[in-house]
Amino acid sequence: MKLIRVVDSHTGGEPTRVIVDWDRDLGGGSVADRLRVFEDKYDAIRSGIVTEPRGSDVLVGALMLEPEDPECVAGVVFFNNVGYLGMCGHGTIGLIATLSYLGRIGSGTHRVETPVGVVETTLREDGQVSIDNVPSYRKAASVVVDVDGVGEVVGDVAWGGNWFFLVNDPGREIALENVDALTSLCRKIRKSVNEQGYPEVDHIELFGPPKDPANNSRNFVLCPGGAYDRSPCGTGTSAKIACLAEDGKLAEGEIWRQESVTGSVFHASYRVVDREVIPRITGRAFVTADSSMVLDEADPFCWGIGKGT
Ligand code: PYC
């Protein structure tokens, strides 16, 4: 029987479950090195923590680690129902809210080491968290893919800490009532994008007009494991910002308000450093639980459904 303490939060409706008391040896080195050891030796813990019956497809897990970089307050490995993420925007905001809840940080600037680079976060007195994300960029513009039963779909391939295919005006309203149809469309788009030259793309992001005229756009993001992001997706918004910057549609420092399909909003902007776009994403997380996961090896579903020991 193993007990693992976790703190749950949500950021704009998207949940994060942070493992706060990890004590098993993952060796030394960077967070990326330790991710590989975790995946190799403890992947069952990933699925046990985030998938049913303890979790759900929408949950993102975060393993909090000692950072290798002494300037960082924490290292983190993000994971989901099917594997691992490079960065996670809503999850980083959840991690900062968790560290604050635990009394380990106060307001101010805190660097966090992720497998794809160090990000700088700022926790404000009012609980808002900004992340200066990893450099983000567009790899390919106006890529045309032939989607089964749909026809030609045009989108951009961009990196914002994860890989995205971004589609404007997908021909369906970005609305909660359409989640099933949007999910099915994104799955088909992803299959075509992967087959037609971009196997690295695992997130699909659709954009339409915002419901609230104070915002710039509304999005729907399909995550690798088949769940949609309830938040505007921090890495997806970073990818969007990189495309807008490259198209000359958003000036440095200008605010972009990205609304999600659930109506939650991230504020985003960017700076250019050494000719690279550094997106800043701002949102807020709320802690929802502080608990211990009980992993009982006698339980046939201890490590998740279909993960029998
Ligand atoms: O906020 O970056 C994000 C994210 C990625 C997957 C789910 N959320």
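Which residues lie nearest the centre of the largest cavity? Hi everyone, let's start there. This is a predicted model, so please keep that in mind as we look around.

The residues nearest the centre are Glu14, Val60, Leu85, His203 and Cys223, and they belong to a lining of 19 residues. By class, that lining divides into 9 nonpolar, 7 polar and 3 charged residues. The structure holds 1 cavity of 30 Å³ or more, and the volume of the largest cavity is about 130 Å³.

Now, what sits in the largest cavity? The ligand does. Helix H2, residues 89-101, and helix H4, residues 234-246, are the elements that give two or more residues to the shell around the ligand.

Let's go through that shell by name. Around the ligand you will find Glu14, Cys88, Gly89, His90 and His203, together with Cys223, Asp229, Cys233, Gly234 and Thr235. Sorted by class, the shell has 3 nonpolar, 5 polar and 2 charged residues.

Next, have a look at the backbone. A polar backbone atom of Gly89 is 2.7 Å from an oxygen atom of the ligand. For His90, a backbone N or O atom lies 2.8 Å from a ligand oxygen. Gly234 also places a backbone N or O atom 2.8 Å from an oxygen atom of the ligand.

And how much of the ligand does the protein bury? Taken alone, the ligand exposes 250 Å², and the protein buries 99% of that.

Definitions and conventions. Residues are numbered from 1 along each chain as its sequence is written. This is a predicted model: local features need pLDDT of at least 70, side-chain atom pairs count only at pLDDT 80 or more; totals for chains, interfaces and linings use all residues. Side-chain values use heavy atoms; hydrogens and water are left out. A residue is near a molecule or strand if one of its heavy atoms lies within 4 Å of it. A polar contact is a pair of N or O atoms within 3.5 Å; within protein, one must be able to donate a hydrogen and the other to accept it, and residues adjacent in sequence count only if both atoms are side-chain atoms. Accessible areas come from the Shrake-Rupley method with a 1.4 Å probe; for residues, only the protein chains shown count as cover. On a 1 Å grid over the protein atoms alone, a cavity is a set of points where a 1.4 Å probe fits but cannot get out, and a pocket is an open set with protein on both sides within 12 Å along at least five of seven lines; lining residues have an atom within 4 Å of a point. A molecule sits in a cavity or pocket if more than half of its atoms lie within 2 Å of its grid points. Helices (H or I, at least four residues) and strands (E, at least two) are DSSP runs, numbered from the N terminus. Ala, Val, Leu, Ile, Met, Phe, Trp, Tyr, Cys and Pro count as nonpolar, Asp, Glu, Lys and Arg as charged, and the others, Gly among them, as polar. Grid points are joined across faces, edges and corners, and a volume is the space filled by probe spheres set on the points.
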